[in-house]
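Have a look at the model first.

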Amino acid sequence: MPLTLLNSDKAIPEREKHTYIKAGSENILPLSNVQTTPGDFTERGCTYAGCMGVVCGPIKDVIHLVHGPIGCAYWTWGGGTRQNLSDNPSFHGKYCFSTDMQEDNIIFGGEDKLYKSILEAHEEFPEASGVFVHSTCAIGLIGDDLGGVCKRAEQEIGIRVIPFNCEGFRGCSQSLGHHIANDTLFERVVGTKEPEELTDYDMNIIGDYNIQGDLWAIMPLFERMGIRILCTFTGNASVDEIAQAHRAKLNLMHCQRSTPYICNLMEEKYGIPVVKATLFGIEQTSKALRDVAAFFGLEDKAEEIIKEDVAQIAPKIEAYRSKFVGKRVFIYQGAPRAWHWINMFREFGVETIAAATTFGHEDDYAKICERVNDGALVIDNPNSLELEEILTDLKPDLFISGLKEKYLAYKLGVPFINGHAYEKGPYAAYSGFLNFARDVEKTLFAPVWGLIRRVNDA
Amino acid sequence: MRSVTINPAKICQPIGAMYALFGVHAAVPLVHGSQGCSAYPMRMFNRHFGEPVQVAVSSLGEDASVFGGKKNLVESIKNVIARRHPELIGVMTTCLSETIGDDIDGIISEGNYEDSKVVPIHTPSYVGSHVTGYDNALKALVTHLSEESEPANAKLNILPGMVNPGDVIEIKQMLDPMNISYSILSDISETLNAPLMLPKPPFPRGGSSVAELEDCANARGVIALCEHAGGSAAVYLKGKYGMAADTICPIGVANTDHFLDAVGDMTGAKIPYSLERERGRLIDAMVDVHMKTCGKRAAIFADPDIALALAEFVTELGMEPVIVSSSTASRKFLQKAKSVTDGEILNGRDLYELQRAVKDNEVDILFGNTKCTPIAKDEDVAFVRCGFPVYDRVGYHRYGFMGYHGGVYLTDLIANAILEWGERG
């Protein structure tokens, strides 16, 4: 079966191009990274979400000032529903800054209010290392000179003031926002500071946002190998760490949708090679350690760590496997985790029967299609009606998605894991894998599912 | 006053309009804007109510932002109707579509929607707040849908405002024993507190029906529980159809007394003994804890009408409302706040300012939503969660503060917050 049209899509046949049932003999990918069908109940977000919400928001020591009406700032306050932890919680995520543009600002321009807002925010929080200004939809239309205002303010307050032109309407999804954030951070921050000292084992971890402390599970693995993490982009990052990222010997790229741009730019300009990694599950984490070790010539160390850590968790994972084997999962994530997790679930004996992404590109779908079995449904930018149809008709044992889909799954009686913000993470690396397994077990076998009744309306 | 907002007290208009639409049965909110304007508010509803919500968006992109969003809007309405067959679509604008200047009223009036009503709602994010958005949505619904028909009926329209499902239930439980006929517009009591029973219905059960909205023209009276969120619709109904109108937020003893008196005046119904008993139970609960509540200094942050009513209730508990803070700036709030407190009034100021005020005023107990939790921790004050959004604890949407029975719940929450705070030492 090639491309297919779900029942809920009869009125919007263009969705067929996005909906593929995998067959081994074919070389088809669902259409991706294009404008959403208007009014189709998409789950997608906007360019601002990709820039401020995903990539910039985790940077822990700058004032993230949102230039626009109040809503956009409110949504990303404290990371919004994301759980980007940092070691600076008394500032990072605690405060939310907005120019709160009013009607007269929209009519007469918001430059004065922006300028004053930058100065005042700096005055209240002089310890912040910079001000990032994120512009939202209306700003892109009224034509405020963001660059000019930021430059003036920077001269006045003497710390970085960087504009991000990430108006929500620019892209077809969050994806363009990732790109804008990457480009801006590369142009304006990377290479502007030299590290105090360099070692031969300096590495950046690019594209990990420290969701519920993922990085704190990942970093020790590399540090025990003798590697120094120069910069984490952008989970728990300070702006200075990003500024000196250009001196790393290697970029380890985790999220391969939101950060290939900066990895490519750093490779071109500074010659930093890239190792792409998946840091979920035993096999993939071990492979990442081996790939990095091979680059630095630390193979023996890596094998020691792998042996030691895997020995600790393998029996427990095996016990989980015996409970999970034969279950069927539907994975719907932003993009890379949809394919990162197919293999992770396979370690449990859990088959991915459907996989979807919100803003994946062709390369994401190629990886998904490589990993799933024939007959699996692969769907791009699924809307809520399609999700309900898939959950109802395919009856997966588990749905792993984000908050917006969580209560839909619950209302349909489908066990669910929040893969965006996690239930109780971290989920990355070896120790995180156990957390993940524990949460999967909880939801799969919660007694409450057995208490649900089928009741016809009175 | 600062130009920069630090820790906003308000959200923008579209989420308020969605809130109103979710209380209409088989209604779909359709946001004319960019995709963040649907995705982000949905998450806030998910967090507060623990319910799925569905919002359509016209997905304006760069082309639409330059050339206008008409094509996207027309296609969106068509797609929503074809796939969902809703009774109502509320098309709400955003800062984007308002700045582009799309004429949504004109665009909508050109279409033929068969069984679905399509109502334009103007919710530019750069004016007012979520409260304004709710108010604009409800006014748009009654303006576009209400239809006078003979003869007028004996119904009462109750406009609850941006309150919790639990509040609406409290209101119903007071009105039902009075044997009067009423419509709650809009009614989220079931739609945003839905049971898990399979099969899942295509739209949540409950909610006001479009027929009720049409019929609201023929009622004998209207009571808006929140003047800032529903008040404009009440004014419209009064002006257009000449029905009696009143505004009372029934939180606390006196406010609930007034509410029931107003209901009695409009309908001729007597207050039944069962409600007198409930009133007695509230008084009993208040007496039981008055040694804990009397003399406590309270800071209250909420939407304007709720903040004012809470200030009156804490005064009945012998507390002193030393700070009364509204999410949304309003002249009416400012006027009324002066009559309920001699303390500090924050009229639409941000929560950074609220924290400053809490520091300055030797506050014992703070009332506010989840965004206030860090203030309560930093300043080491007792904390009562109220308003929207509350997502760092579960279940707050299920219970109401309104009416005598809701007052008992609130009294207990307050006393327990004070006890817990005392135990922390």
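## Two domains

Domain bounds here come from an automatic or database domain assignment. On that basis, chain A is divided into domain 1 (47–188) and domain 2 (202–302). This is a predicted model: local features need pLDDT of at least 70, side-chain atom pairs count only at pLDDT 80 or more, and totals for chains, interfaces and linings use all residues. Residues are numbered from 1 along each chain as its sequence is written, while chains are lettered from A and ligands numbered from 1 in the order in which they are written.

## Where the domains touch

The C-alpha centres of domain 1 and domain 2 of chain A sit 26 Å apart. Across the boundary, 24 residues of domain 1 of chain A are in contact with 19 residues of domain 2 of chain A (C-beta atoms, placed from the backbone, within 7 Å). On the domain 1 side, α1 (47–56) and α7 (175–188) of chain A each supply at least two residues, and α7(A) gives the most, with seven residues. Helices are DSSP runs of H or I with at least four residues, strands are runs of E with at least two, and both are numbered from the N terminus.

## The sheet

Six strands of chain A make an open, mixed sheet in the order β1-β12-β11-β10-β13-β14; two strands pair if DSSP finds at least two bridges between them. β1 (19–21) and β14 (416–418) of chain A are at the edges with a single partner strand each, so one side of each has no neighbour in the sheet.

Inside it, β11 (residues 351–357) and β12 (residues 377–380) of chain A pair in the parallel sense over four bridges, and A:Ala355 stands opposite A:Val378 in β12(A).

Notes. Contact = placed C-beta atoms within 7 Å.
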